[in-house]
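Please look through the model shown below with the following report at hand.

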Amino acid sequence: MPHSSAQCLDPRSLALIADYELLAKRIVDGLFVGLHRGPRHAFSLEYSRHRPYERGDPLKRIDWKLYGKTDHLYIRQYQEETSLQAWMMLDASASMHFKGPAEAVTKWQYATFLAAAFCHLLLEQNDSAGLITFDETLKRVIPPRGSRQHQNLLLKELGQSSGPVKPCGGTHFEKTAALAAALMKRKGLIFYFSDLLAPAPEIERAIHLLSSQGSELYVFHILSGAELEFPYEKYSEFQDMETGEVLRLDPAAYRQAYLRNFSAYLRDIKKFVERREAGYRLVDAREPLNQVLLDFFEKRRLAA
Amino acid sequence: MSGLYFASGWFLAALAAAVLPLAMLFTKEAVRSKIRFSSLYFLQAMTRPAARLLEWKRWLLLAARVLFLILAALAFARPFKRLDAGGGSLSPRSPLVFILDTSASMGYDAGDGRALLDLAKEKIRLKLHAGQGPLTLYTAADKVQPVVIREKSAAVFLKKLAGVTVSDAAGSALGIQPWLAEHAQEFNGSKVTWLSDFSTAPQDAHRIAAVREVPAEIIAVRPAQFSNFYLKKIILPPRPLILGREEEIQAVYASRGEIRAPVAVAFFDGESKIGETVLDVRAQPSGTVKIRHRFEVPGLRKLSVQAEQDSLPADNRLEELSWVGDPLRLLFIQDREFRYPFESPYFYLSQVLESSEASTGSQAWFRIIRKSSAQLEEDDLAGYDMVFMADTAPPPPKTLTRLRTSLKSGGSLVVIPGRHTDPGAYAASLPMQQLLGGRFQEGEPQEEIHTLRPSSYEHPLFQIFKPRGRGRLEHVQVRRVLPFLSETPAQNKVLLWLGERTPCLIERKIGEGQVFIWTTALQTDWNDFPRDAAFVPFVFEFVKYASRGRVLQTLRGVPGEAIVINAAAEEKILEMNGPGGARWTLTPNLERQFQFEESGRAGIYSWRQAGRTFQKILSMDAAESVLVYPDLNTKAAGRAALIPSVNPPVPQRHFFYTLCWLAALAMASLETLAAAFQFREGMRL
C-alpha cells in the first residue's frame, strides 16, 4: 500500500523500525518522493566568496589583487575541494529521553532518526560523517569516514543508543562543545541535535565554540510537545530527569507563565544561534521528519 | 434561622462545615500523579521568587474562608431567649404546654385514695380556661417522651389526658431539666407547665438543687403525707473497733415527719445483718439510731446501715469501713526514773491517752507498755503498733536493726527529744541515723519562740484543725527546739513546721511502717502544746494516723463529687470498689492527678495505691436533700431564666453579633477580591 511521504516519515511509524540502515534509507527515499530538485546535490554545493580580513587570518589567504582594486583587505574563501566532512553531535543527556503524554518517540529517538538520515545521505554521495554523543562529557566519538562499513557502524551505533538511558547528572554544553571542537581538525558541517535545556548564556558559549572553528553549524533544537505546550492539568509532582529534583505544583496555574518564559528562552536561543551565522531549526518531536529535512535543504539552497 | 442556637446540631454542623475548605485544599493538593519531566529549570526559575509570598497569600485566603464560615455560623446562632413562663407578655390565647411526670412515684397514694397522677391531671384541668390556645402534653418518666397529645379543643385534650397512666420507670427531674433547657426555644411564646412530685433520690438532690431555675412553671404534686426518710451518716468510734468487745454503732437519720408507719433501720456487717431498730418517725423526725454489737472476726469490715422503708430504698444505704482488731499496743521506751511523774517525757501523752481510756470506761482500745532499752533486747518488736522513744539514748544497734525490720512490715517509731537527749549519741549510732534519715543538730537546743504551722490542713492529721475546727494549732507557742538535719530530704516529709523553716514533725516511710521525728518535746518547758486545747485531739489523730497501716485514711465528700486520685507514674491500672459491690478498672494514663467521676451513688469508694488502701465516703452530709423541695415548689412558679450550665449567656451579644456580621462580610469581601484579581498569576484557590 503506497504511503505519502508525510506518512512514511511520521515518527510513530519510524519508531517501529529497529534497523537503522533501513530506517535511514526509508527516510531519505521518502523525503525525495515528489521533489523536483535533484537531491544528491544537497551537500556538494561549490561555493567560494570573499570576506573582510580579520585579525588572525593567515596572510597568504589575502586576495592581493582585490586589494589593489579596492584598497581593502579581503580573504579568499575556497570551496571544498575534497569530500565534505560532517559531524553528528547528539545530546545524550537524560532530558533527551523525555517524551510527552501523547508522543510516540523520545527526543533522543527523534534526534537519532534525523542523524541517521543525514548520515545515509552523506555517505551515499561519498562524503564522510562522524558521530559524537555527549552529556556532561563526550560519551562516544566516531571520527568521520566515508566507507560503506563506516555507514553501517554509524547507523548501528545510533540504533543501539536509542534504548532507555538512566538519568545522568545533566548536560555540560560548554565543556562538551570545547572538547568536540578540539577533535574537529577540518572545517566541515556540524549537525547539533539537542534540547538545549540549560541557561541561555551557556548555550551561547557552546554555540560560539563550535561555530568559531569555521565549520558550518546547524542546530536542531528538538523539544517535546509537552515542553512546548505544558499540557498538564492536575496537581502533580514533577521530577527532573537529570537532577532527580522534585517540585510539586499545580501546572494549570503556572501554564501561562511557563509558556511565556519558555517562548522568551526560545527567542533568545534562536537569536544568538543566528547571530553566529549558524542554522537553527526548532523541532517538535511530533513533526514528520520530512518537513524538518526539507526545511534544512531549502535553507541551504537559499544560502547558496 | 430561629432554630439555630449554640447547642443545636445545626450550629455544630455549620462549625464543622468550616473544615470543608481545609479538606478541599488538602484533597486538591494531594499529589495525583508523578511526572518525570525533562528539566525543572524553567519551573523552578518561575516559582522560586514568588513561592513564599504565594504560600502566605494562599494561607491567608484559606484562613479568610474558614473564618467566614465560622463567623457566619456565629452570626446566625442565638442563645435561648428568656421565656416568660409566668404569663407576662403571653396572651390568654398562647399555646399551653404541659410536661407531666408519669414515673412510678406518681402512682403514690395522694392520701385521699387518688394517685398523684390523678392530682396532676386535676391541676391541668384547672389550668385550662375558655378560649386558650393549642394544648400540648408531653409525658416524662426517666426521660421526656415525644408529644403524647396535641389538641386545640380542651374537651378532647382532657379526654385523652384521662387515658395517660403511670409508667414502670423510675423518674428523675435530672432527666427533664436538660430537655427543657434544650427545647426552650421551641416553647418560645408558649406557657410551659411542669407537673411532678419531684421525689428524687437523696444523692441526686444536691444536683437538682444546683440547677434552681427552669424555663417553666413548676407545679409540685405532693401527697398529703410524703414518705421522705433518709439516713445521713454512720457514726463509729473514732478508733479501730476492738475485737471481742461490744461496740456501739450509730446512724443519723432525718425525715419530714410525714411517715405514719414505723421505719425499720437495719445494720449490716458486710452482708450479715447485725442489728435492727424500729423508729417512730412521727414522734421523732430526726435523730440517731444505735445498736451495740460484738465483732468476733478481725480485719477490715464494711459496715452499712439501711432503711427499709423509703421511696427509693435501694439508694438509702450508707456504708463505712473500719478496722476490727486487738487494742493497739503502744510501747514507751523509758530508761530513766523520774522523781515526779510530770518530769517524764511521756507524762502529757499518757495523760491524754489514759484519760480517754478512763472516759470510755473499761473499753480500752490500746495498751501502754513501758520498757527500758535493755528489756527490748529479747522483746518481739513486731508486736507493737507504735514505739515511742522520748528523751532516751539510742537503743543498742541490734535492737535498732530489729526495730527497722519490724517497721518494714508496719507500725511506727516516734522519736521525741528531751532535755537528756544527746545529739552526739544519735549521730554516732549508724542504725539510728539510717532509721531517722538524718541526725539532731549538735549542741544545746535552740531557744526561740515559734508557732506551729501544718504543712497542709488537707493532711489527715490536721483536717480536724481546719478553720472553725477543734483548736487552733497556730496559737501553740514553741520555745525550745532541737533542730533535725535531714540527710535524705526527699524521703523525710515535714508534716508540721515551726514558723517558716524549722521542721517540728517529720515523717519518714520505712517499708509499710514509718518513723516520726519530733524536734520539740511534748513537755511544758519546751512548749505550750500539752496545755493547749488542740493537744488532746491532736494526740488522738496522731495515734490514729501513725497506726494508719491498720486504720485507713478516710476522705469524705458528697455523692456526685469527683474523687481525685494522685496516681504515681508507675501505676497504670487502679481498681476502684464502689457501693453495692460495684467495681471499676481505672487507667490513669500517666496523669498525676486523675479524677474518678462515676461517683453519683452514696457509699464507700475504696482503692489500693502504692500498697495502701484509700477510701472516700460519699454521704449526704454536705447536701441536704430537703433543700430541693423549697427550691422547686410552687414558690418558684413563674420564674424562668437561662440555665447557666446549659447555655451560658453571651454578654453584650448585640455587639458580638454585629461584630460577627461585619467580620464575616469583611472575609467575604476579601474572598471576592481574591477571586477577582487572583493575587498573582499561578494562584488558584
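## Salt bridges

Glu229(A) is partly exposed because its relative accessibility is 41%; buried means under 20% relative accessible area, exposed over 50%, and partly exposed in between (1.4 Å probe, protein chains only). Arg286(A) is likewise partly exposed, with a relative accessible area of 35%. Glu229(A) and Arg286(A) form a salt bridge whose closest N and O atoms are 2.9 Å apart; the term stands for a side-chain nitrogen of Lys or Arg within 4 Å of a carboxyl oxygen of Asp or Glu. Arg286(A) is in the loop between β10 (279–284) and α11 (289–303) of chain A and Glu229(A) is in helix α9 (residues 225–229) of chain A, so the pair ties together parts 57 residues apart in sequence. Helices (H or I, at least four residues) and strands (E, at least two) are DSSP runs, numbered from the N terminus. Arg286(A) also forms a salt bridge with Asp284(A), with 2.7 Å between the closest N and O atoms. Asp284(A) counts as buried at 16% relative accessibility.

Another salt bridge, 3.6 Å from N to O, is made by the side chains of Lys34(B) and Glu237(A). Lys34(B) belongs to strand β1 (residues 33–37) of chain B and Glu237(A) to strand β8 (residues 236–240) of chain A, so this pair joins two chains. Lys34(B) is exposed, with a relative accessible area of 68%, while Glu237(A) is buried at 10% relative accessibility. Over all chains, the structure holds 25 salt bridges.

## Basis of the values

This is a predicted model, in which local features need pLDDT of at least 70 and side-chain atom pairs count only at pLDDT 80 or more, whereas totals for chains, interfaces and linings use all residues. Residues are numbered from 1 along each chain as its sequence is written, chains are lettered from A and ligands numbered from 1 in the order in which they are written, and side-chain values use heavy atoms, with hydrogens and water left out.

## Helix α8 of chain A

Helix α8 (residues 200–211) of chain A has 12 residues and should span 16 Å at 1.5 Å a residue; its end C-alpha atoms are 16 Å apart, which agrees. The expected span is 1.5 Å times one less than the number of residues. The buried residues of α8(A) include Ile203(A), Ala206(A), Ile207(A) and Leu210(A). Seen down the axis, the buried residues of α8(A) fall within an arc of 160°, so they line one face of the helix; the arc is that of the directions from the helix axis to the C-beta atoms. Among the elements that cover them are β3 (85–91), α7 (173–183) and α10 (251–275) of chain A.

## Helix α9 of chain B

In α9(B), Thr399(B), Leu400(B), Leu403(B), Ser406(B) and Leu407(B) are buried. They cover an arc of only 120° around the axis, which puts them on the same side of α9(B). Lys398(B) and Thr405(B) are exposed residues on the face turned away from that buried side. Just after α9(B), Gly410(B) has a positive phi of about 130°.

## Chain A overall

Chain A has 11 helices and 10 strands, and 51% of its 304 residues count as buried. In chain A, 73% of the contacts (heavy atoms within 4.5 Å) with a separation of 6 or more are between residues 24 or more positions apart.
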